[in-house]
Amino acid sequence: MALTNLQVRDVETVLHPYTNQATVRETGTLILESGKGIHVTDVDGKSYIEGMSGLWCASLGYGNQELAETAYEQMKKLSFTHLFGGKSHDPAIELAEKLKEKAPVPISKVFFTSSGSEANDSQVKMIWYMNNALGRPQKKKIISRIKGYHGVTVASASLTGLPANHIDFDLPISGILHTSCPHYYRFGKDGETEEEFSSRMAQDLEDMILREGPDTVAAFIAEPVMGAGGVLVPPKDYFPKIMAVCNKYDVFMISDEVICGFGRLGEWFGSPALGYKPHSISIAKALTSAYMPVGAIMIPEDMYQATIVESKKVGTFGHGFTYSGHPVGAAVALKTLEIYEREKIIEKAAAKSPQFQAHLKALGDHPLVGEARGLGMVGAIEVVADKKTKKAFDPKSAVGARAVKIAEEEGLIVRAMGDSIGICPPLIITPEETDDLFDRLSRALDKTLDWATKEKLLGA
């Protein structure tokens with residue numbers, strides 16, 4: 001099918017993130033024009049359920065008038081100022097206060113960024129900075145996990161444990177390590193219980209720390225539920241066992257809550273839902289329901305004290321971004337948090353999750369689905385060539401991508417992460433809309449099964 005004029009202009013001018021730059025020139029792009037509630041509409045007038053909240057972020061859906069008006073009013077009042085050199089403004093102060101109030105662990109200060117990538121990049125720098133201030137210049141290595149996702153800047157992409165983020169980017173940088181992935185379906189051994197699997201994951205981490213030397217390992221970073229790696233939910237005792245190892249060797253725990261924070265798992269933050277207490281937290285995405293690009297790191301007192309020590313030595317704290325604590329972004333974030341509280345969005349998300357997870361579990365019976373997994377209002381299905389053996393499709397067949405394209409034809413936007421298909425609708429979705437979403441996804445799976453059968457891709 002020939003590309004439209006708009007699609008041609010697009011591929012000739014825009015370099016699209018996470019896109020096959022070769023094939024997109026042939027397939028063209030889906031160009032969206034408007035959105036309302038859980039739906040978005042393309043330039044041809046076709047409506048879709050946005051089943052991924054954009055990129056895990058538009059929790060309040062599209063076209064929220066309060067958020068738009070808040071941004072407009074703040075732009076009129078004070079469109080921009082910065083936090084450099086001791087300057088500040090009310091929205092940043094109030095937002096930091098509110099985040100400290102909501103934090104699941106004691107937090108001293110909030111450092112603002114424009115994205116989750118910048119937040120995790122800042123975590124790396126702050127870990128190094130703190131240990132220099134504490135006189136531990138050798139304690140710098142940071143451990144992430146295979147299939148973890150923490151961003152795409154040089155440091156945060158190094159933390160990310162996905163090959164496509166490393167190959168030919170000359171990553172990861174030195175001092176970043178990756179331990180085992182806690183995906184029981186794929187990595188559990190025959191006859192191994194989930195508890196035994198969790199113990200093995202913790203042992204793998206401890207073995208890595210001992211190999212590297214505990215005096216060289218500074219931090220461990222993890223998402224409560226792994227997002228872009230495939231919506232991987234660890235066994236319930238995984239994090240308590242991991243935290244025991246971190247505590248044993250004085251390893252600072254960073255919780256990457258960029259996806260899980262602000263209600264996605266039915267609580268304000270994901271770490272309590274998974275049973276652990278981090279030292280610092282990274283946030284972004286649903287902090288503003290994606291209406292403005294705002295992120296942050298929430299740091300403990302000892303990390304803050306390091307900035308005082310180093311400021312006395314160096315003369316300044318030499319880190320920050322032009323848009324750190326942007327007044328419009330901060331105002332929108334404050335209004336977003338107000339809406340979460342006033343409308344009981346997080347409590348309602350927790351109440352909606354049984355229906356969502358029941359639909360997800362039912363898809364696990366589909367002939368194409370090897371595993372259906374999720375927690376709260378996020379989930380994924382993993383399509384396989386053979387359910388009994390868990391045999392994966394040849395990656396060249398791109399079955400997950402085909403399923404997502406067919407879902408798009410059904411008026412549903414979801415995301416392929418290899419052959420795992422992520423589902424993460426706006427938290428405002430109604431029960432009726434949830435039924436509709438899964439009906440569309442079920443039809444897409446049926447059509448994908450027909451295609452895979454004709455292509456002879458199934459079987460052990």
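Over the ring of which residue does the charged end of Arg415 sit? The charged end of Arg415 sits over the ring of Tyr18, 5.9 Å from its centre. A charge counts as over a ring if NZ of Lys or CZ of Arg is within 6 Å of the ring centre and within 35 degrees of the ring normal. Lys390 likewise lies over the face of Tyr185, at 4.6 Å from the ring centre.

The model is predicted: local features need pLDDT of at least 70, side-chain atom pairs count only at pLDDT 80 or more, and totals for chains, interfaces and linings use all residues. Residues are numbered from 1 along each chain as its sequence is written, and side-chain values use heavy atoms, with hydrogens and water left out.

Aromatic contacts were examined next. Rings of Phe, Tyr and Trp (its six-membered ring) pair if their centres lie within 6.5 Å; planes under 30 degrees apart count as stacked, over 60 as edge-to-face and the rest as tilted. The count by this rule is 13 aromatic pairs. The Phe111 and Phe317 ring centres are 6.3 Å apart and the planes stand at 85°, so this pair is edge-to-face. The pair links distant parts of the chain, 206 residues apart: Phe111 is in strand 4 (residues 109-113), Phe317 in the loop between helix 12 (301-314) and helix 13 (327-342). Helices (H or I, at least four residues) and strands (E, at least two) are DSSP runs, numbered from the N terminus. Phe111 is buried, at a relative accessible area of 15%, whereas Phe317 is partly exposed at 26%. Here buried means under 20% relative accessible area, exposed over 50%, and partly exposed in between (1.4 Å probe, protein chains only). Ring pairs join Phe111, Tyr129, Phe317 and Phe321 into a cluster.

Seven strands form an open sheet in the order 4-10-9-8-7-5-6, with mixed pairing. Two strands pair if DSSP finds at least two bridges between them. Strand 4 and strand 6 (176-179) stand at the edges with a single partner strand each, so one side of each has no neighbour in the sheet. Neighbouring strands are turned by 20° against each other on average, direction ignored. Strand 5 (residues 141-145) and strand 7 (residues 217-222) pair in the parallel sense over three bridges. Ile143 has Phe220 of strand 7 as its bridge partner.

Helices pack on this sheet. Helix 10 (residues 238-248) touches strand 5, strand 7 and strand 8, and its direction makes about 165° with that of strand 7. Axes are lines fitted to C-alpha atoms, for helices over the stretch in contact, and angles run from 0 to 180 degrees between N-to-C directions. Contact means heavy atoms within 4.5 Å. Helix 12 lies across strand 4, strand 8 and strand 10 (295-299), at about 100° to strand 10.

The buried residues of helix 10 are Tyr238, Phe239, Ile242, Met243, Val245 and Cys246. They cover an arc of only 160° around the axis, which puts them on the same side of helix 10. The arc is that of the directions from the helix axis to the C-beta atoms. These buried residues pack against strand 5, helix 9 (194-212), strand 7, strand 8 and helix 11. The face turned away from the buried side of helix 10 carries exposed Asn247 and Lys248. Just after helix 10, Asp250 takes a positive phi of about 55°.
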